[in-house]
Number of protein chains: 2
Amino acid sequence: MASESRVDVLIIGAGPAGLMCAHGLVKAGINVRIVDQRSKQVLAGQADGIQPRTIEVLQSYGLAERLLKEGNHIHMAAFYNPSPNGGIERTDRAPDVTAPTARYPFKVTLHQGAIETIFLDSMREQGLEVDRPTIPTLLELSTDESELKDANAYPVKVVLKHLEKDTTETLRAKFVVGSDGAHSWVRKTLKITMDGEHTEYIWGVVDMIPKTNFPDIRNRCAIHSNNGSCMIIPREGDKVRLYVQLSHKDVHVDPKTGRVDRTKCGPEQVMEVAKKSLKPYDIDKVGKIHWWTIYIIGQRVASQFSIHERVFIAGDACHTHSPKAGQGMNASMNDTHNLVWKLAHVLRGWADISLLKTYEFERRQYAQDLIDFDKTFSALFSGKPRTNDNQNGVSHEEFLKAFQTSGAFSSGIGIHYSPSMIVQNTYQTVVRNQTVGMRILPYVFIRAADARPYELQDLLPADTRFKILLFAGNTANPSQLDRVNILAENMEQKVLKKFGRDVFDVISISSAQKDKVNYTDLPEVLRSHWSKVLLDDVDMFQRTGGKGYAYYGIDSEQGVIVIVRPDGYVGMVSPLEKIEDVEAYFAGFLTPI
Amino acid sequence: MASESRVDVLIIGAGPAGLMCAHGLVKAGINVRIVDQRSKQVLAGQADGIQPRTIEVLQSYGLAERLLKEGNHIHMAAFYNPSPNGGIERTDRAPDVTAPTARYPFKVTLHQGAIETIFLDSMREQGLEVDRPTIPTLLELSTDESELKDANAYPVKVVLKHLEKDTTETLRAKFVVGSDGAHSWVRKTLKITMDGEHTEYIWGVVDMIPKTNFPDIRNRCAIHSNNGSCMIIPREGDKVRLYVQLSHKDVHVDPKTGRVDRTKCGPEQVMEVAKKSLKPYDIDKVGKIHWWTIYIIGQRVASQFSIHERVFIAGDACHTHSPKAGQGMNASMNDTHNLVWKLAHVLRGWADISLLKTYEFERRQYAQDLIDFDKTFSALFSGKPRTNDNQNGVSHEEFLKAFQTSGAFSSGIGIHYSPSMIVQNTYQTVVRNQTVGMRILPYVFIRAADARPYELQDLLPADTRFKILLFAGNTANPSQLDRVNILAENMEQKVLKKFGRDVFDVISISSAQKDKVNYTDLPEVLRSHWSKVLLDDVDMFQRTGGKGYAYYGIDSEQGVIVIVRPDGYVGMVSPLEKIEDVEAYFAGFLTPI
């Protein structure tokens with residue numbers, strides 16, 4: 001029995017990339033479906049590390065609270081090296097995250113299944129479930145140019161097979177997202193190649209609850225021992241993950257597939273290597289091993305991230321790399337976080353379909369940077385330690401430096417999108433410390449109406465709207481208030497009315513002190529609600545807030561306009577008088593109403 | 001049809017006091033029932049203000065997060081007085097809370113129904129629902145002395161009538177709590193008198209969404225106008241509550257009941273008075289009035305809070321006062337918060353039944369202090385403002401001073417239980433800034449095992465256990481570590497083994513720095529889990545923590561023992577060598593196993 005149906009967006013694969021996409025779209029009210037070949041979600045193992053920027057992103061969807069509650073927080077890293085007395089000894093402890101502006105200055109570890117559940121539960125509240133076990137058996141894209149350029153057309157035909165019901169369904173979609181993992185069927189069907197190669201490094205992974213006298217078992221540890229390298233990742237509850245370097249004599253690699261033969265080497269062998277590498281400390285498992293794997297690091301990026309901006313690939317489908325820096329799930333979720341608002345804008349008719357080209361432009365560059373980072377980091381980590389007998393080995397100083405300089409990138413905080421139709425840095429100098437193309441810096445301001453402190457990022461949710469932050473300068477000064485009144489009138493005409501009020505949320509931030517001004521001082525167009533006016537001042541107990549203009553590098557008398565994209569990245573900054581340039585920025589991709 | 005059943009604790013009345021009691025008991029695994037005469041819970045109006053200490057208490061039960069999310073936060077207070085030009089003008093703005101150690105330095109406003117729902121939802125997870133509409137028709141307490149003293153006996157007989165099912169049930173209870181409001185049936189049945197009187201002050205209250213140009217509508221405002229006083233309380237969403245002083249000419253008081261005749265004066269009249277008092281600002285309502293009332297302030301305390309420590313009264317049943325300082329719901333919930341752990345200890349056989357005497361001892365003194373506070377505050381607030389024509393009126397300076405000096409009390413932070421079998425202040429001087437009998441000061445420490453910062457209060461949940469906080473001093477010093485090892489051995493023998501490990505949770509706090517020590521340094525009796533060892537140090541990003549010993553006023557070399565009661569109040573402090581005195585403290589009310 002066959003049926004035929006239509007959908008705006010079909011997502012193939014319900015891992016982190018697919019779920020971020022489906023969740024974001026359904027929250028935006030977009031007609032979306034998501035299918036997965038597995039009959040149940042992942043319950044153990046797999047990816048587990050959430051980086052600081054990803055926590056900020058999850059918070060913008062209202063999902064971070066549960067992650068923070070359920071997950072383990074890693075604040076400290078410890079470094080061990082060979083001891084002159086044999087075995088290992090601690091060389092150093094350092095912050096695990098090197099990103100001073102991080103709102104959450106730590107990593108969260110939680111197994112992938114629990115993270116997926118956070119998305120699934122929130123999707124369910126919006127009425128969306130994953131259709132599983134379901135596989136695509138055919139994917140065809142129209143070759144009609146006019147159809148491909150028409151955002152209202154359904155140029156993608158997909159045949160789905162529902163495995164349990166044993167039924168087939170033909171679906172017409174406006175857009176398809178292939179987030180179906182490293183062995184992506186979508187990617188292969190589209191004949192998109194992966195560029196890059198496998199490395200020589202072989203690693204074993206075990207998840208278990210340890211019994212140990214090792215004093216850093218709850219910190220992330222990078223252990224260089226003469227028996228090989230080892231990484232410890234503390235997890236939720238009392239769980240710990242060990243990454244253990246294996247040598248080619250430990251394992252058998254199938255020369256045909258390039259994969260490790262798992263019948264020859266299992267978790268017990270991995271534990272044995274770990275035990276030797278941790279000497280003089282003892283480590284053993286309590287109960288069973290929860291999950292394990294052995295793999296050879298591959299470092300590859302897809303040559304394209306979409307076909308005609310109608311079928312996209314995301315997540316592991318377009319990049320594979322070492323898991324040890326905890327990047328995989330983060331890169332995947334941030335791929336589709338980048339895509340969601342663009343699809344929503346195009347589907348609503350707010351933006352031109354060409355906006356979708358910025359997905360590959362922004363995320364492929366990021367993926368290439370990720371592979372470069374991974375090559376450096378993997379080589380250092382898999383290399384032999386420097387000892388008296390091996391002066392060519394990796395020294396602690398060298399490793400720590402690489403660890404810390406890579407922190408901005410690996411935390412995700414340093415992600416920097418290059419100039420494009422949506423990143424316009426002409427007036428960068430008016431906001432000295434906030435880079436255009438990077439995520440809006442978190443900072444605390446107080447609300448003018450009630451002096452309640454708010455993290456600015458919490459006022460910029462991922463709700464698909466552009467946020468116009470008007471740093472209004474010193475509104476206690478009547479001449480500045482005149483400038484603001486003129487700007488408000490211009491903004492109303494040239495932006496809000498032109499492209500539609502629904503596309504924007506306007507928030508004003510005055511540099512005046514709370515005892516000097518009232519929220520009612522500002523023109524009504526700047527306060528669609530009493531909560532939309534902020535002050536750069538401390539809270540009533542001087543516990544938080546204040547000096548925000550200086551933190552962002554903004555003139556506290558003159559002010560500035562900051563345009564924050566729906567995904568939290570700064571798209572443009574402008575002086576108050578250059579509202580025509582703001583208009584031109586939006587006209588580059590938004591459709592006037 | 002009649003049935004007969006047994007229960008450990010029966011709670012009559014499911015308002016804030018009753019729900020706090022039922023929730024705490026069911027979470028502790030106590031066999032409890034709760035009945036209420038209303039067929040549905042309150043949906044609007046009534047009490048709505050949650051004070052800083054009550055937020056801390058709710059957090060200790062895991063309930064604060066939702067309250068903070070759903071409620072409005074009041075940070076700022078504004079003061080208006082007659083303007084020389086007619087109407088009112090702003091005299092001052094100030095913090096709404098005057099309690100420097102408050103963990104949450106603000107009030108939360110949320111209607112009583114929403115607060116009750118937080119309890120009801122959490123109770124439901126534990127399998128407990130309110131039995132309603134149900135009223136007690138008989139309450140009899142045994143006069144048999146031995147039965148009254150036997151914690152396992154059921155000396156209370158209650159007949160309940162289930163109004164909807166029209167059935168009657170006879171119940172035998174070990175303990176009964178009457179939290180059935182100002183007109184308490186339980187109190188009247190027990191013939192407990194209320195001491196105190198009504199005042200002359202008449203107030204009207206309206207809840208609505210305002211349309212106004214008044215710039216402080218989202219702050220708590222104390223307005224002294226020549227037209228009478230008015231208080232503005234911003235609420236959840238865009239709602240606002242107005243308290244409006246009425247004069248005897250506005251309303252008709254029934255001379256027989258002493259209550260206001262509501263047929264003669266309604267919400268429209270209250271709004272009219274408010275409009276006049278707020279001139280030159282305009283205020284009107286958007287839509288309907290959500291709730292209103294008119295009342296005469298009464299200030300009374302029950303002469304007893306229990307009969308033979310088998311039937312207790314709590315909440316409005318034992319104290320009534322002005323609602324304007326936002327105390328009512330707080331006093332009520334804190335009554336039963338004080339009672340819950342005591343009942344649990346007695347019912348489990350951990351503590352002697354005489355422990356229950358401390359409920360009336362502690363809470364009746366508090367209620368008397370509350371009435372004294374209310375008399376001062378009400379008189380000042382209801383008094384005429386000082387103007388050129390009225391030099392005997394209340395000046396702003398006088399009012400602000402009273403407002404601020406009463407802050408410690410009204411916030412609940414200043415609650416101080418006097419010495420008793422559970423408050424022992426012999427060694428007060430060893431902890432200079434933490435008063436014995438007051439709640440444990442909130443402060444951030446980091447965990448030794450993973451450098452994660454934690455608010456100490458979050459490690460001391462209201463789980464009915466006593467928390468032994470061992471401020472272990474500088475454990476990087478071997479001689480101090482020797483002292484700690486000896487103490488650990490003594491504590492094991494004289495406290496943990498003697499009274500039972502389940503009664504206690506032991507947390508150690510070392511003053512050593514994180515790069516100097518490992519959590520594994522401490523003896524195993526002090527670390528039932530890796531998470532139980534803290535350090536007085538900053539977190540990895542120096543954002544929080546550090547200098548905790550100085551904050552509490554504890555010698556950072558020598559350390560000290562701090563005993564925190566299950567309700568979060570400090571019961572005793574002691575030098576490390578005085579563990580015998582700690583033993584004696586517990587022996588005063590706990591039963592050796």
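1. A polar contact is a pair of N or O atoms within 3.5 Å; within protein, one must be able to donate a hydrogen and the other to accept it, and residues adjacent in sequence count only if both atoms are side-chain atoms. Between chain B and chain A there are 24 residue pairs in polar contact, both residues at pLDDT 80 or more.

2. This is a predicted model, in which local features need pLDDT of at least 70 and side-chain atom pairs count only at pLDDT 80 or more, while totals for chains, interfaces and linings use all residues. Residues are numbered from 1 along each chain as its sequence is written, chains are lettered from A in the order in which they are written, and side-chain values use heavy atoms, without hydrogens and water.

3. Chain B brings 43 residues to the contact (heavy atoms within 4.5 Å), and chain A brings 43 residues. By class, the side of chain B that touches chain A has 20 nonpolar, 11 polar and 12 charged residues.

4. The rule finds 2 salt bridges across the interface (a side-chain nitrogen of Lys or Arg within 4 Å of a carboxyl oxygen of Asp or Glu). B:Lys69 and A:Glu65 meet in a salt bridge through their side chains, at 2.8 Å, N to O.

How values were computed. Ala, Val, Leu, Ile, Met, Phe, Trp, Tyr, Cys and Pro count as nonpolar, Asp, Glu, Lys and Arg as charged, and the others, Gly among them, as polar.
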